[in-house]
Amino acid sequence: MVKLPRQDGESTWLSKTRPGVTVTTGKEKLWSLIERTYLAWDKEALQRSFARHLEYSMANTRDQANDRDNYLSAVLTVRDRLMERWNDTRRTCFDVNAKRAYYLSMEFLMGRALGNALMNLDLYDEFASALEAFDIDLEALREQEPDAGLGNGGLGRLAACFLDSMATLQLPGYGYGIRYDYGIFRQVIRDGFQVEQPDNWLRYGHPWEVMRPERQYVVRFNGRVVMARDSGGRLEFSWQDTDRVVALAFDVPIPGYGNQTVNTLRLWSARAEQAFDLEDFQRGDYINAMHDKVLSETISSVLYPKDDIPPGKALRLKQEYFFVSASIQDILRRHKASNPSVRNLPDKVAIQMNDTHPALAVVELLRLLLDEENLGWEEAWEIVTATCAYTNHTMLPEALETWGIELFGTLLPRHMQLVHEINRRFLADVRRRWPHDEERVARMSLVQEGPYHAVRMSNLAIVGSHSVNGVSRLHSELIKSQLFHDFNAMWPEKFNSKTNGITPRRWLKLCNPPLSRLISGQIGDAWTTRLDDLEKLDPLADDPSFRHAWREVKAANKRSLADYIRAETGVVVDPDSLFDCQVKRIHEYKRQLLNVLHILTLYGRLKRDDRFDMVPRTFIFAGKAAPGYAAAKLIVKLINSVARLVNEDPDMHDRIKVVFLPDYGVTLAQRIIPAADLSEQISTAGMEASGTGNMKFALNGALTIGTLDGANIEIRDAVGQENIFTFGLTASGIAALKARGYRPMDILERDERLNTVVHFVGGGGVCPERPNLFIPLLNAILHGGDPFCVLADYDAYVACQARVDATYRDAERWTRMSIRNTAQMGRFSSDRTIEEYAADIWGVTPVRPVSRQA
């Protein structure tokens, strides 16, 4: 048999006949025959595969199988068919030595995979029919799958959409992240408070993943750097006496929609190099015998561990370096399998850093090129900057990340040396450009001086990248004019804008089948890959029969969500009420507090005037607060306290209901979004980089109430001002207000409604058993400068909500607006975003997998 290189550069025995390779042995002919015989996709073949997995993979019989056995058998049946395309994709990319894009992200909020895989394979209906013969309902079976605990918010969901689009566009690419054992946390509400519990999503394993034991890399921490000169006098650096952790690869297939491409998400799990000390164990020191295992595996235990304590902060830095180091080592290994040298790395590799968390990729790649590949500084640095690109996702200081010099230098001593050297060379360039401007030098330095001596990770990412992009038009302008003004002045050619997008496959076709069928029945289904086709719906907004069908779909979705709310919370809501939804990460800048103040304003009005006429509303909240974020957790309690107050008050006559749905994630979003009438996108202007929830809601026909922030501006431009509800200060208006000297108390004193609500909350009206509980939230807006302008936008928000109320009363007008929102969402497809990344930043082109059946 001939030994051939595998598609990802590993050596293995392969049967595929290539040009110039003659099949000579009987064994080779047998393998060639087997590999070219793909699994069939018809109903009977699917049934045979399912039954075979139930018997042989689950070791069970049909009369003893439980729901989980059936679910796993279904997954393995589908996965078998993905495997064929997965192998072909990797093999073809290797054969043509394609340039690949590598997307490095701390989060990938994937959601459930079974329905998505069936949809992308165009196998959903066939598989559902196949299972019916076994009296198995596919929809019920999908409920067995937990959401993968690999992300938390918009950052991770964007990364998941991008992977879907890369595969659908047939772009060679990998995602790289961490295989978290317990996700971020499972949110439970007790007495209105958020309680964090482990999200043990891997309790029964993850049937979609494939462990790659041949792909393990040592990641080092601590130790010391020894300098010496080689025989030629070149200075060499040796990182010695380190603590070593093993990164073990687990691969997850990412199928493209309607094509043969299956890309890869590679996740790293931390393992101890020596997991068990038998000598300690035999001495009776059982705890110390497991010490290295526990310490090592902690790295991949939890997403975003609480970092307001020194061990938590150190763990976060370890996590970031762990996944970056393993990923860069893997990227170089794959590159060298197909290329004689690393010198052409930028021609074959594009590394995209999703926010500042992977910024260490710049230094790690430099270290490996210098210390392992023995390149000179200038050549190595040119390769690094030509390979790496950075996406900024926020204007918030805490998300830009800084690491104390002492911690950074202790954990990563070689990298600390390199950061200082990068900074020395960079600041020399700054001083040549702007002599005698030491204030500018201090602002641009990679190292922050002063009481908190730290490495600025965003500055490092900018200096080490050839591209820096924002994620909406407004955000991109703000990072150029404010956040990174000095860098833009130095390198204007680096900065660009790539407005975020969402995959229409999951966020319409999968999550809202009734609406998807209605749309496809009118305009065809090409919109699934060409979302601009939705513009064909625009004329149908004037068709009374289509508007009626549109309303019927929304009503059915609302009834479904109402049933779910009752089952999960015990709260009975009226599906004919206006469903007003704010579902997103809990944060002060997202201003759930502003929403609550409006609810209490309505509540007070109804208490004072029983004849007050308002459209009945159900206010739906969902979202997690970071474990160490006290204010956000208090907002969760406030929402739940208001819900109890309102829902139990007979004077409301069901005109207002408030619901907080716990443990928000992709699957819950897929329940809420199709049923929403109103989408709350009310962040402080200038603070939401883009937002993608706004796009998902609008795609499903919800109308937006929002500030001119992030992608809200572009949504307004797309749908027209007449089809969106905007209010509040702009980013420039907020800057001007604060420059004049913003006095929140002045607003409170002028507005009797606001004064009444604030004193009601502060006086214990919302939570009589703990009357002072919410004083910290009020102090922040009254005496802390109201940094997120809650009070400044209150009056405009309440007035805008009144316009919402008036518009909703006209069902025909509301429906026209709803249809036109969906019709104009074409520009917000993640396919468009990824096409721009590929063309403008990565230089990556599609590769069509060659099937072994060909």
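Predicted model: local features only at pLDDT ≥ 70, side-chain atom pairs only at ≥ 80, totals over all residues.
A residue is called buried when its relative accessible area is under 20%. Six of the six residues of strand 20 are buried, so the strand is largely enclosed by the rest of the structure. Arg617, Phe619 and Phe621 point one way from strand 20, while Thr618, Ile620 and Ala622 point the other way. Both groups of side chains are buried.

Strands of a sheet pair through backbone hydrogen bonds, in either a parallel or an antiparallel manner. Here the sheet is open and has six strands, in the order 21-20-19-22-23-24, and the pairing is parallel. Its edges are formed by strand 21 (656-661) and strand 24 (725-726), each of which pairs on one side only.

The neighbours of strand 20 can now be taken in turn. With strand 19, strand 20 pairs in the parallel sense over six bridges, and within this pairing Val583 stands opposite Ala622 of strand 20. With strand 21, strand 20 likewise pairs in the parallel sense over six bridges; the bridge partner of Arg617 in strand 21 is Ile656. Strand 19 (residues 578-583) also pairs with strand 22 (residues 678-681), in the parallel sense and over two bridges. There, Cys581 has Ser679 of strand 22 as its bridge partner.

Strand 19, helix 25 (residues 592-608) and strand 20 make a right-handed β-α-β unit. Strand 20, helix 26 and strand 21 make a right-handed β-α-β unit as well. Helix 24 (residues 544-569) packs on the sheet, where it touches strand 19, strand 20 (617-622) and strand 21. The direction of helix 24 makes about 70° with that of strand 21.

Helix 26 (residues 630-647) contains Asn640. Because its relative accessibility is 16%, Asn640 counts as buried. Leaving aside residues up to four places away in sequence, Asn640 touches Ile189, Gly192 and Phe660.

The largest nonpolar core comprises 121 residues, of which Phe322, Phe408 and Trp842 touch the most other members. Helix 11 (residues 310-338) gives the most to this core, contributing eleven residues. The surroundings of Phe408 can be listed in detail: apart from residues up to four places away in sequence, Phe408 touches Leu317, Leu360, Trp403, Pro413, His415, Met416, Val419, Val455 and Met457. Another core, of 69 residues, lies apart from the largest one; among its members are Leu597, Ile599, Val761 and Tyr794.

The cysteines remain to be considered. The structure holds zero disulfides. Cys93 is buried, because its relative accessible area is 7%. Cys789 is in no disulfide, and the nearest cysteine sulfur, that of Cys800, is 17 Å away. A disulfide would require the two sulfur atoms to be within 2.5 Å. Cys789 is also buried, because its relative accessible area is 0%.

Notes
Residues numbered from 1 in each chain as written. Heavy atoms only, no water. Core = buried A, V, L, I, M, F, W, Y, C linked by side-chain atoms within 4.5 Å. Buried < 20%, exposed > 50% of the residue type's maximum accessible area, 1.4 Å probe, protein only. Helix = DSSP H or I, 4+ residues; strand = E, 2+ residues; numbered from the N terminus. Contact = heavy atoms within 4.5 Å. Pairing = 2+ DSSP bridges. Axes fitted to C-alpha atoms, helices over the stretch in contact; angles between N-to-C directions. Right-handed = clockwise from strand over helix to strand, strands pointing away.
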